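Here's a quick briefing to read alongside the model.

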Amino acid sequence: MSLLKRIQDTTLEKDCDVATLLRLCKVFGAQADSAELVAWVGHELSGYPTAGDLPDYRIFRVTSKGHFSGPFGSGLRNADIPIYCLPKKFQDTYRQAAVTESVGSLQSTVERTAKDSTLQIPWPTEAVALFGQSMYENMHCIGAWKVISVSSLRGILDAVKTRVLDFTLALQKLHPELMASQNNGAQLASPQELSQTFNTTIYGSVGAVANASSHVTQNVSVNQGDRSALDQTLASHGIPADGIVQLHEAIQADAVDGQNPAIGLGPKVKQWLGDAMLKVGSGLWNITIETAVKVLPPLVASYIGIELK
């Protein structure tokens, strides 16, 4: 049985041990020389260093509860906290939970906790002190926490298994021979294929990977004039077909106007980049602002043959 086939079969097992599954993926990533896959597996097995490194399936909406004290011995216990009472810039922070723990820790928690139980993530004491008097009239919050269901942790483990399964299915579609019993190597898939498959199945987009791992350098360049590679890479980043067509029209217009690549990007391409940022910011394109800023200019520049400074 090939390694990829073994990984795929493991995801389908009812009692799949996610940590074991990820170790198999780490071996595959090492054989395939996929730094992105190895880095992701490392974070899942050891935990993520910060919440800013997390993939989307480890962040979900939660409610918060707290204990409150009032005058003359009055008070509330386990009362829902109205998040809208917080300053707007803090509301998302307390509407969401970011889980950084390793899959081993999550599996252990799920196994030893009742199915319908909930867990708590305490609010920072500074937040309780700062916002505690703005929640209920004449009452002060003396303790607050986010409420997380055990099913949410189970959902993280299921998401890991599903994304690994999607990864194997995508590679199988590209290279069916990787599933052959006599094939234990991963070298049949090119680095670009592995990167794009990883980005679209594990993280959902290349942009998410850039945010999730500071240890992996993203490839945001193509060979000069390689339109097929440019189009494919743009599409994998979430740029729609009409946006790609408009980019080529802008590049052609600059060429017709005699724009010299030695002096930088032409005005039509710059306009396309500006319009792209507006569409990203408005949510019309499925790519983050940070990724658009980091990826699109150097990608387009490499295709035209310009070195950005």
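K5 is partly exposed, with a relative accessible area of 29%; that label covers the range between buried (under 20%) and exposed (over 50%), using a 1.4 Å probe and protein chains only. K5 pairs up with D9 in a salt bridge, with 3.3 Å between the closest N and O atoms. Bear in mind that this is a predicted model, where local features need pLDDT of at least 70, side-chain atom pairs count only at pLDDT 80 or more, and totals for chains, interfaces and linings use all residues. Residues are numbered from 1 along each chain as its sequence is written, and side-chain values use heavy atoms, with hydrogens and water left out.

**Salt bridges**

- The count comes to six salt bridges, each one a side-chain nitrogen of Lys or Arg within 4 Å of a carboxyl oxygen of Asp or Glu.
- Side chains of opposite charge can pair when their charged atoms come close.
- D9 and K5 sit four residues apart in helix α1 (residues 3-11), so about one helical turn separates them. D9 is partly exposed, at 24% relative accessibility.
- Helices here (H or I, at least four residues) and strands (E, at least two) are DSSP runs, numbered from the N terminus.
- R227 and D231 make a salt bridge too, their closest N and O atoms being 3.7 Å apart. Both belong to helix α10 (residues 227-236), and because they are four residues apart, about one helical turn lies between them.
- R227 is partly exposed at 44% relative accessibility, and D231 is partly exposed with a relative accessible area of 21%.
- K65 and D80 form a salt bridge through their side chains, at 2.5 Å from N to O. This pair links distant parts of the chain, 15 residues apart, with K65 in strand β2 and D80 in strand β3 (residues 75-80).
- K65 is partly exposed with a relative accessible area of 23%, and D80 is partly exposed at 45%.

**Helix α2 against helix α7**

- The axes of α2 (residues 18-32) and α7 (residues 150-174) come within 10 Å and cross at roughly 35 degrees. Axes are lines fitted to C-alpha atoms, for helices over the stretch in contact, with angles from 0 to 180 degrees between N-to-C directions.
- The crossing of α2 past α7 is left-handed, meaning that the near helix is turned anticlockwise from the far one by less than a right angle.
- On the α2 side, V18, L21, L22, C25 and F28 are in contact (heavy atoms within 4.5 Å) with L157, V160, K161, V164, F167 and L171 of α7.
- By class, that makes ten nonpolar, no polar and one charged residues. Nonpolar covers Ala, Val, Leu, Ile, Met, Phe, Trp, Tyr, Cys and Pro, charged covers Asp, Glu, Lys and Arg, and the others, Gly among them, are polar.

**A buried threonine**

- T109 sits in helix α5 (residues 103-112) and is buried, at 12% relative accessible area.
- Setting aside neighbours within four places in sequence, T109 is in contact with L119 and L153.

**Overall fold and confidence**

- The secondary structure comes to 13 helices and six strands, and 46% of the 309 residues count as buried.
- Among contacts between residues at least 6 apart in sequence, 67% join residues at least 24 apart.
- The average pLDDT (the predictor's confidence in each residue, from 0 to 100) is 85, and 88% of the residues score at least 70.
- Confidence is highest in strand β2 (residues 63-69), at a mean of 95, and lowest in helix α9 (residues 206-212), at 40. Residues 205-218 have pLDDT below 50, and beyond near neighbours in sequence this stretch has 29 contacts in the model.
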